[in-house]
Amino acid sequence: MPYERIEIEKAEIERQIALCRKLKERFISQGRKNMLAFVDTYGCQQNESDSERLRGYLAEMGCSFTSDEAEADIIVINTCAVREHAEMRILGNVGALNHTKKAKPEQIICVCGCMVQQQHMSDKVKHSYPIVSLCFGPHELWRFPELLERYLVKKKRVFATAPHEGCVTEGEPRVRDRGVKAWISIMYGCNNFCSYCIVPYVRGRERSRRPEAIVEEARELIAAGYKDITLLGQNVNSYGKDLDCGVDFSELLKMVNAIPGKFVIRFMTSHPKDATEKLFKTMAECEKCSHHIHLPVQSGNDRVLKAMNRGYSSADYLEKVRIAREYMSDLVITTDMIVGFPGETNEEFEDTLRLVETVEYDSMFTFIYSRREGTVAAKLPDPMTRQEKQLNFDKLLETANALSLKKHREYVGKSVEVLIDGYTEGEEYPITSRTKGGRLVHLKGDASLVGEFKKVKITDSTTWALFGELEE
């Protein structure tokens, strides 16, 4: 299906920033000098990145930030649509804001993101949650100031959730969390249309950012002291296909790797059908690139994989794992797995267990299938009961945890380099850190070490984490 790439002009973003300043003046003229905003984020890292842009606009409007809904003047709820459980949780939390709105009638409540890009969910918010003043999908985020001004001027609820294939923007202000980690969205949307997934319908078609813009953003982040840079996309391996500039994802990795300084490059997510030997070779050659790949397999059965529209067989997947490990013997592999896809039998589920035991994943994100209205899979017969699916899920979880425990035990006694990325004030192990492969390591020490690369000796492990001590 042809897609017309839309790039929002710089002048349009500058107009949005000018609107922010106009809104700031409006708030001040109303005696609201110390506006507080709360941005509540659900879902994936892409949503976290989007929330940085939302906070950027809010800061330009003169807002400071709070995590207390009751004291916030503006609440923005950035939603997720991947699973029903997330949607139900979000709607419950929106409903609970009736209390804060009643206590603070001037409070502005906005709901945005993937969930409301679905027409039935947008309609639900419109008809069942009258406290929501502004509702917009991911494609309208770049003009959040314009939409907010429209609501404030006309005093009518604004809903901007029409179907849209998406656009590319540059130059929005951002407010990032302080620390050593930063996200960079390198592309948006997805063209794969896996039969269970709503993402292409709510995030639109694949659109890549220009490589020079990505590299410049990475350079600025590293100069600002960030040491852990994650490149984000629904399928990073498709990067550049819509640009015609000769830069694919492997070449982009090399460009970021060439930036001076000591830092770690991570990325997610890789679709297995597009993961190539060139990518694995590039990961091995780029000294700053993490030896970790999140490679979602979703199922180990070929019939189920075909019904999911994944574009590879279990044998294809295992061959890619083999090649990747040839280039990187220390490679950490993580995955996503869906249990109970419509029509999956117990025998087919056993194929998934066999694949898991063959690959020996370092960790797994496991889910019971969640029906998404509007997807192909939602129309498939689904005879297996919820109880049967739960039994298979429990088996998969047991296998995954046993493998993780085994993998972590193999680290004990070894010396590894970690990036110290946080301080928890825990009594015994207050420092958190990550290996180059992304393994969590708890350490003893003080907050002054955050942001430093250190050699540590691993002394203990659990299913979920490693424990170590700093080497002299």
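**Figure 1. Thr230 stands opposite Arg266 in strand E11, in a sheet of 3 strands.** This is a predicted model, in which local features need pLDDT of at least 70 and side-chain atom pairs count only at pLDDT 80 or more, while totals for chains, interfaces and linings use all residues. Residues are numbered from 1 along each chain as its sequence is written, and side-chain values use heavy atoms, with hydrogens and water left out. Helices (H or I, at least four residues) and strands (E, at least two) are DSSP runs, numbered from the N terminus. Strand E10 (residues 228-232) and E11 pair in the parallel sense over 5 bridges, where pairing requires that DSSP finds at least two bridges between two strands. Leu231 has Phe267 as its bridge partner in E11. The open sheet has the order E7-E10-E11 with parallel pairing; E7 and E11 stand at its edges, each with a single partner strand, so one side of each is left without a neighbour in the sheet. From one strand to the next, the twist averages 25°. Strand E11 (residues 264-268) is mostly covered, with 4 of its 5 residues buried, that is, under 20% relative accessible area, whereas exposed means over 50% and partly exposed in between (1.4 Å probe, protein chains only).

**Figure 2. Helices H2 and H9 lie across strands of the sheet E7-E10-E11.** Helix H2 (residues 45-60) lies across E7, E10 and E11 and runs at about 95° to E7. H9, in turn, lies across E10 and E11, running at about 155° to E11. For these angles, axes are lines fitted to C-alpha atoms, for helices over the stretch in contact, and angles run from 0 to 180 degrees between N-to-C directions. Contact here and in the views below means heavy atoms within 4.5 Å.

**Figure 3. Helix H9 packs with helix H10.** The axes of helix H9 (residues 249-257) and H10 come within 9 Å and cross at roughly 10°; H9 and H10 are therefore roughly parallel to each other, given that angles under 35 degrees count as roughly parallel, over 145 as roughly antiparallel, 65 to 115 as roughly perpendicular and the rest as oblique. On the H9 side, Phe249, Ser250, Glu251, Leu253 and Lys254 meet Lys278, Leu279, Thr282 and Met283 in H10. The contact of H9 with H10 has 4 nonpolar, 2 polar and 3 charged residues, where Ala, Val, Leu, Ile, Met, Phe, Trp, Tyr, Cys and Pro count as nonpolar, Asp, Glu, Lys and Arg as charged, and the others, Gly among them, as polar.

**Figure 4. Helix H10 also packs with helix H12.** Helix H10 (residues 277-285) and helix H12 (residues 314-327) pack at an angle of about 25°, with their axes 9 Å apart, which makes H10 roughly parallel to H12. Glu277, Phe280, Lys281 and Ala284 in H10 meet Lys320, Ile323, Ala324 and Tyr327 in H12. By class, this contact of H10 with H12 has 5 nonpolar, no polar and 3 charged residues.

**Figure 5. Helix H13 packs with helix H14.** The angle between helix H13 (residues 346-359) and helix H14 (residues 386-409) is about 10°, and their axes are 10 Å apart; H13 and H14 are therefore roughly parallel to each other. From H13, the contact is made by Asn346, Phe349, Glu350, Thr352, Leu353, Val356 and Glu357, and from H14 by Glu388, Asn392, Lys395, Leu396, Thr399 and Leu403. These residues of the contact of H13 with H14 divide into 5 nonpolar, 4 polar and 4 charged.

**Figure 6. Leu141 and Pro163 lie in loops.** Leu141 lies in the loop between E5 and H6 and, at 3% relative accessibility, counts as buried. Leaving aside neighbours within four places in sequence, Leu141 is in contact with Asp50, Arg53, Leu54, Tyr57 and Phe136. Pro163, placed in the loop between E6 and strand E7 (181-185), is exposed, with a relative accessible area of 77%. The C-alpha atoms of Pro163 and Gln117, 46 residues apart along the chain, are separated by 7.4 Å.
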